[in-house]
Amino acid sequence: PQWDRELWDRSVELPLGDTTARTLCPTHQLMHLLVNGSREPQHHFRYALDLRVLRARLGDQIDVAEVRRLLVERRLLHR
């Protein structure tokens, strides 16, 4: 739960029709894709495509150093 706090604090609004939801900021979205893509081998290609689209659309908003920090803190960084 303490790890989720940082993600929620930096989440961004996502318009959905007449309402809005919240989604991860681009940096945290990258972390999410890397973690889940490496845990589900049967879906590697889907995650690779998601990574490519995220990077193409929002790459300039991603803090790669922060992604690495978060992965190390959570002991999710694979060798």
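In which hand does H2 pass H3 at their crossing? Left-handed. I'll come back to that pair in a moment. First, a reminder that this is a predicted model.

Let me start with the overall layout. The protein has four helices and two strands. Follow the sequence and you read α-β-β-α-α-α. Along the principal axes, the C-alpha atoms fill a box of roughly 45 × 30 × 25 Å.

Now burial and surface. The protein has 79 residues, and 25% of them are buried. The accessible surface is about 6,300 Å². Carbon and sulfur atoms account for 54% of that surface.

What about contacts across the sequence? Take the contacts between residues at least 6 apart in sequence. Of those, 46% join residues at least 24 apart.

Back to the helices. Two packed helices are described by the angle between their axes and by the distance between those axes. I'll give both values for each pair.

The pair of H2 and H3 comes first. H2 covers residues 26-39, and H3 covers residues 44-58. They pack at an angle of about 165°. Their axes are 9 Å apart. An angle over 145 degrees counts as roughly antiparallel, so H2 is roughly antiparallel to H3. As I said, the crossing is left-handed.

Who makes the contact? On the H2 side, look at Pro 26, Gln 29, Leu 30, Leu 33, Leu 34, Asn 36, Gly 37 and Ser 38. On the H3 side, look at His 44, Tyr 47, Asp 50, Leu 51, Leu 54 and Leu 58. By class, this contact of H2 with H3 holds eight nonpolar residues, five polar and one charged.

Next pair: H2 and H4. H4 is residues 64-73. Here the packing angle is about 50°. The axes of H2 and H4 are 9 Å apart. H2 and H4 are therefore oblique to each other. The crossing of H2 past H4 is right-handed.

The residues from H2 are Thr 27, His 28, Leu 30, Met 31, Leu 34 and Val 35. H4 brings Glu 66, Val 67, Leu 70 and Leu 71. Seven of the residues in this contact of H2 with H4 are nonpolar, two are polar and one is charged. Watch Leu 30 and Leu 34 on your screens. Both take part in the contact with H3, and both also take part in the contact with H4.

Staying with H4, find Val 64. Val 64 sits in this helix. Is Val 64 buried or exposed? Exposed, at 57% relative accessibility. Leu 51 is 13 residues away from Val 64 along the chain. Their C-alpha atoms are separated by 13 Å.

Last stop: the segment after H4. Arg 75 lies there. Its phi is positive, about 55°, although Arg 75 is not a glycine. Arg 75 has 77% relative accessibility, so it counts as exposed.

Leu 76 is in the segment after H4 too. Leu 76 counts as partly exposed, at 21% relative accessibility. The cut-off for buried is under 20%. What does Leu 76 touch, leaving out residues up to four places away in sequence? Val 35, Arg 39 and Leu 71. Val 35 and Leu 71 we have already met, in the contact of H2 with H4. And Met 31, another residue of that contact, is 45 residues from Leu 76 in sequence. In space, Leu 76 and Met 31 are 9.6 Å apart, C-alpha to C-alpha.

That's the tour. Questions, please.

Terms used:
Residues are numbered from 1 along each chain as its sequence is written. This is a predicted model: local features need pLDDT of at least 70, side-chain atom pairs count only at pLDDT 80 or more; totals for chains, interfaces and linings use all residues. Side-chain values use heavy atoms; hydrogens and water are left out. Axes are lines fitted to C-alpha atoms, for helices over the stretch in contact, and angles run from 0 to 180 degrees between N-to-C directions. Angles under 35 degrees count as roughly parallel, over 145 as roughly antiparallel, 65 to 115 as roughly perpendicular and the rest as oblique. A crossing is left-handed if the near helix is turned anticlockwise from the far one by less than a right angle, and right-handed if clockwise. Contact means heavy atoms within 4.5 Å. Ala, Val, Leu, Ile, Met, Phe, Trp, Tyr, Cys and Pro count as nonpolar, Asp, Glu, Lys and Arg as charged, and the others, Gly among them, as polar. Buried means under 20% relative accessible area, exposed over 50%, partly exposed in between (1.4 Å probe, protein chains only). Accessible areas come from the Shrake-Rupley method with a 1.4 Å probe; for residues, only the protein chains shown count as cover.
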